[in-house]
Amino acid sequence: MIRFEDLIEKVRASNPEADVELLRRAYVFSAFEHKGQVRNSGEPYLVHPLEVADQLADMKLDVVAIAAGLLHDIVEDTQTPIERISELFGPDVAHVVEGVTKLGAIPFSSSEERQAENFRKMLLAMVDDIRVILVKLADRLHNMRTLHHLPEERRVKIAQETRDIYAPIANRLGMSKVKNELEDLAFKYLEAKAYESLRAQVESRRRATEGMIEELKNTVTAKLAEAQVPVMQIDGRIKRLFSIHQKLKRQKIDLDQVYDLVALRIITASVKDCYGALGIIHQTWSPVPGRIKDFIATPRPNGYQSLHTSVVSERGFPFEVQIRSSEMHRTAEEGIAAHWKYKEGRVGAGRDEQYFVWLRQLLEWQQEVRDPQEFLQNLKIELYPEEVYIFTPKGEVKALPRDASPVDFAYSIHTDVGHQCVGARVNGKMVPLRTRLRNGDIVEVITTPGHKPSRDWLNFAVTSRARNKIKHFIHAEEKTRSLELGRRLFDKEARKYGVSAKSLTEPSAVNRVLGEYGMQKADELFAAIGYGKLPARNVLARFVPQGELKETPETGIASVVRRVLGTGDDKIKVSGIDDLLVFRARCCNPIRGEKIVGYITRGKGVSVHSASCVNVVNLLYDPERRIEVEWDKGADPSTYTVRLSIQVADRRGILAEVSSKIAGINTNIRNVEATVDDQRGRIDMTVEISDVKHLQKVVKALRNIEGVLDVERAAR
Ligand code: MN
């Protein structure tokens, strides 16, 4: 157990001018306030704040943070108000204690919605004063170390929260020492069986492995000395259990197949020596191709810098080597805490500001995200930026999360590059936008001016930046489209019932109707109609005070209304490709040239059906929602996939004949499946069709083949 005098010694050692009197007073006060309280372990409560303060002293934080560590549980656990802390220890200490108290009151295991909101609060607290989160992390670390004293249920809850929230935050702040310990402890309590079995396996290899590490260290030391590369320190270790566990899970392998169970770490005095040492390592052992990573030239998003390589020893034993300067090492272990400046009492400017830039950006993006699930997903990616490094054709490098797509890459360059991206070339080859990028890929984004993002991109874009930009664009576009759509629908309805323009534009009438719907602007009303939230007819009825609306043949009034509302043709144009608010129904998948009808859906715009669609014919859709639509002749030609179901007699070679016939009329086949039972066979085929005439041609050609009994168009 740590003694207070040891703590004072530690603080003095790293900062001789530290105000230890403040710490002494905080200690005495804390001892007094917590008097008589005991922890679950049976120890006096005071042990806990003392351990937390000690951890903060190890991080070399200032006395404000350390004093706050000593006092952090007082407001929560005793009757002492925060004002008292402020009077006695100053506003800074009180501010940090208050922040920690507030974070403590956040129940993270509640619903996703609450969790997202709480996470936002935590981010805000971090931006406000980073010491709040550092004290909280120290607090959590000690609680995790003593977790075995708690009942099972509480243990699991706290361990889960640690894994979900505190370890990722420590990671993002670059504090790998804290993160690693939190992760390993959480692993132990959350997956006790897996932890125990892995620990036993590693343990059984320990002696042999440690012997090997010793040998490797001696070789490295000798080789580096021989080559006169100065080094400060060489460590060898078996990797952490949780990191091995994750690797086993990710690669679905067992312990014997783990590539680098062992890591050597070489700490040099200068950056130049890092590369020197790397050269020597590669001369001594053969490097594993594709495993050399230069995080010095391209630091990880959390500031981590190091050279990584994997090599195979003369005995065929693979291991990882990490090489970094002592300064990089400190940053790697302590992260943001390594950049603490005593004088300013806060994190310094310049390079260290990156942590704050990240926090602010994160907050900014998250402000727009309303869906809590989306928020938490984004956050996970931002907190664990497990990364691939992607190059532009000019050799610039971008760090992206695992599974990033060319769309993510495009948005990381510029919003407009993202919006206008239509394709990508990866290592010189054209690839679909949904391709997952791999480490070291050279990616060239192909853009077309005026191109717009598609909703489909949300199925594979992973960075919050890309996702938010896409959503933002889609929402804006949807708003415009629904407004336009709503106006047209309303106009059409007014014409149908012969309602005069005057009654629709009279300000008092407009305001009354808006008031009835609780809206401010006419645009909102039209948008609601366009989104399918309000039927146009109901809105119209509110403008006509008494009596029923009566359907009338179109009169001259209509054109007036149209002019007033500023709309033209009331038909909705359908281009081939699904639009944000006009899309082809999946049940019948109409193709260009076919007779079509539209239905306003609730909130998703207009679904376009083939006029012969069974659902339309059977009047499954509310006729009130029906609107006229037509194919947009000006739109770019596009192809549609159509599934054909072909009944054939079981005749040899018929499949080949069907395929060649279709290819003969310039039609692409996407997919073919043939099934044969007794007498008859069936061929299911997906073809690319440009319009209804093309389809008729294909069907006719197929019917002419001997042995083809029937050709049917199947639902998509
Ligand atoms: Mn505590």
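Predicted model: local features only at pLDDT ≥ 70, side-chain atom pairs only at ≥ 80, totals over all residues.

Tutor: The turns that follow take up salt bridges, helix packing, a sheet and some single residues.

Student: How many salt bridges does the structure hold?

Tutor: A salt bridge is a side-chain nitrogen of Lys or Arg within 4 Å of a carboxyl oxygen of Asp or Glu. The structure holds 30 of these salt bridges. One of them links Arg330 to Glu334, with the closest N and O atoms 3.1 Å apart.

Student: Where do Arg330 and Glu334 lie?

Tutor: Both belong to helix α15 (residues 326-334), 4 residues apart, which is about one turn of the helix. Helices (H or I, at least four residues) and strands (E, at least two) are DSSP runs, numbered from the N terminus.

Student: Are Arg330 and Glu334 buried or exposed?

Tutor: The general idea is a scale of relative accessible area: buried means under 20%, exposed over 50%, and partly exposed in between (1.4 Å probe, protein chains only). Arg330 counts as partly exposed because its relative accessibility is 33%, whereas Glu334 counts as buried because its value is 15%.

Student: Which residue meets Asp684 in a salt bridge?

Tutor: The side chain of Asp684 meets that of Arg682, at 2.7 Å from N to O. Asp684 is buried, with a relative accessible area of 14%, and Arg682, at 35%, is partly exposed. Salt bridges can also share partners: Glu5, Glu21 and Arg24 are joined into one network in this way.

Student: How does one describe two helices that pack together?

Tutor: Two packed helices are described by the angle between their axes and the distance between the axes. Axes are lines fitted to C-alpha atoms, for helices over the stretch in contact, and angles run from 0 to 180 degrees between N-to-C directions. In this structure, the axes of helix α20 (residues 464-497) and helix α23 (residues 522-530) come within 7 Å and cross at roughly 85°. The helix α20 is therefore roughly perpendicular to α23. Angles under 35 degrees count as roughly parallel, over 145 as roughly antiparallel, 65 to 115 as roughly perpendicular and the rest as oblique.

Student: Which residues of α20 and α23 meet?

Tutor: Contact means heavy atoms within 4.5 Å. On the α20 side, the residues include Leu483, Arg487 and Phe490, and on the α23 side they include Asp523, Phe526 and Ile529. By class, the contact of α20 with α23 has 7 nonpolar, 3 polar and 2 charged residues. Here Ala, Val, Leu, Ile, Met, Phe, Trp, Tyr, Cys and Pro count as nonpolar, Asp, Glu, Lys and Arg as charged, and the others, Gly among them, as polar.

Student: In what order do the 4 strands of the open sheet stand?

Tutor: Two strands pair if DSSP finds at least two bridges between them. The order in this open sheet is β15-β17-β16-β18, and the pairing is mixed. At the edges stand β15 (582-584) and β18 (626-627), each with a single partner strand, so one side of each is left without a neighbour in the sheet. Strand β16 (residues 596-600) and β18 run antiparallel and are joined by 2 bridges. In β18, Ile627 is the bridge partner of Gly598.

Student: Where does Ser310 lie, and which residues does Ser310 touch?

Tutor: Ser310 is part of strand β5 (residues 307-312) and is buried, with a relative accessible area of 1%. Not counting residues up to four places away in sequence, Ser310 touches several residues, among them Asp260, Val288 and Phe319.

Student: What is the phi of Lys60, and what is that of Asn666?

Tutor: Lys60 is not a glycine, yet has a positive phi of about 60°. Lys60 sits in the loop between α3 (47-58) and α4 (63-71) and is partly exposed at 34% relative accessibility. Asn666 has a positive phi near 55° and is likewise a residue other than glycine. Asn666 is found in the loop between α27 (654-664) and β21 (669-676) and counts as exposed at 74%.

Note on methods:
Residues numbered from 1 in each chain as written. Heavy atoms only, no water.
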